[in-house]
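Okay, thanks for making time for this.

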Amino acid sequence: MRIHRLRLVSRTDIMLGTVLAALFAACFGLISPANAQTFSSSYTSTAPKDCRVTSAGNGVDDSTIRICPGKAGLVVVISEDDLREAVSVGRSRAAADREPAAQGWFGPFNSTTHTVEWRALDGKPFAIIQRWHIADNADEDKDGRPIAKPLLAVTRLPPGAVCHVAYVDVKANPNANELARKAADETARNFKCGKDDVKVIGETGRAVELAARR
């Protein structure tokens, strides 16, 4: 009868195995993960208390401009006029005012929430995501006021022009935030303002229909 001898593993063997495993993982890391790109999100506020608020200078009492600190030396400029907002981004207010986004008005009354999500690649922001509320005159509450429909808008950032690149209807898509981030990551950097059409991501709903009205 053959007897198999069991060899006890020594403490030295265990330590040597651990070191070899660590070296293997490090070498493998040099081949693949080190070259992986890292996407991330961070957030800033556009609430009036966090921004510099000035008059739009057009003689309309409720027309204001908010200049809000953003990321990487950028500012978010929100121009409000006749219950409608336009949002642009630049190194300064003057730079933001020259961007296509500064003229990106929706036809129906609208407003943005006070949180801006910044999408970044390896720490460098390339797009923002904002939630808009667009008034629906065909759908009123019991007091006769239009019910606002939520929309996520993805806006590309410099270098290059600043403009909307994608819309996601929040009510029609339960995973709207994930869709907006994916659209930003895959579309914003190569989007050509003035040439490419704004993409509708996910299911189309009432908010997207309203956004198309100018």
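This is a predicted model: local features need pLDDT of at least 70, side-chain atom pairs count only at pLDDT 80 or more; totals for chains, interfaces and linings use all residues.

Let's start at the link of cysteine 51 and cysteine 68, which is right-handed, with 105° about the S-S bond. The two sulfur atoms sit 2.1 Å apart, and for the record, a disulfide here is a pair of cysteine sulfur atoms within 2.5 Å. The pair links distant parts of the chain, 17 residues apart: cysteine 51 is in the loop between β1 and β2, cysteine 68 in strand β3. Strands are DSSP runs of E, at least two residues, and helices are runs of H or I, at least four residues, both numbered from the N terminus.

Residues are numbered from 1 along each chain as its sequence is written, and side-chain values use heavy atoms, with hydrogens and water left out.

Back to those cysteines: are they buried or exposed? Cysteine 51 is buried, at 14% relative accessible area, and cysteine 68 is buried as well, at 0%. The cut-offs are under 20% for buried, over 50% for exposed and partly exposed in between, with a 1.4 Å probe and protein chains only.

How many disulfides does the structure hold? There are 2. The other one to look at joins cysteine 163 to cysteine 193, S to S 1.9 Å. That link is left-handed, with -85° about the S-S bond. Cysteine 163 is in the loop between β9 (146-156) and β10 (164-169), and cysteine 193 is in the loop between α3 (176-187) and β11 (199-201), so the pair ties together parts 30 residues apart in sequence. Here cysteine 163 is buried at 8%, but cysteine 193 is partly exposed at 21%. Counting bonded cysteines along the chain, the pattern is 1-2, 3-4.

Now, cysteine 68 took us into β3, so let's stay there. Strand β3 (residues 64-69) runs antiparallel to β4 (residues 75-81), joined by 6 bridges; two strands pair if DSSP finds at least two bridges between them. Zoom out and you get an open sheet of 4 strands in the order β2-β3-β4-β5, with antiparallel pairing. Its edge strands are β2 (52-55) and β5 (84-90), each pairing on one side only.

On to the rings. What counts as a pair? Rings of Phe, Tyr and Trp (its six-membered ring) pair if their centres lie within 6.5 Å; planes under 30 degrees apart are stacked, over 60 edge-to-face and the rest tilted. That gives 3 aromatic pairs. Phenylalanine 39 and phenylalanine 126 make an edge-to-face one, 6.0 Å centre to centre with 80° between the planes. Phenylalanine 39 lies in β1 (residues 39-45) and phenylalanine 126 in β8 (residues 124-140), so this pair ties together parts 87 residues apart in sequence. Phenylalanine 39 is partly exposed at 31%, whereas phenylalanine 126 is buried at 6%. Elsewhere, ring pairs link Phe106, Trp132 and Tyr167 into a cluster.

Last stop, β8 again: glutamine 130 lies in that strand, and at 2% relative accessibility glutamine 130 counts as buried. That's my tour, over to you.
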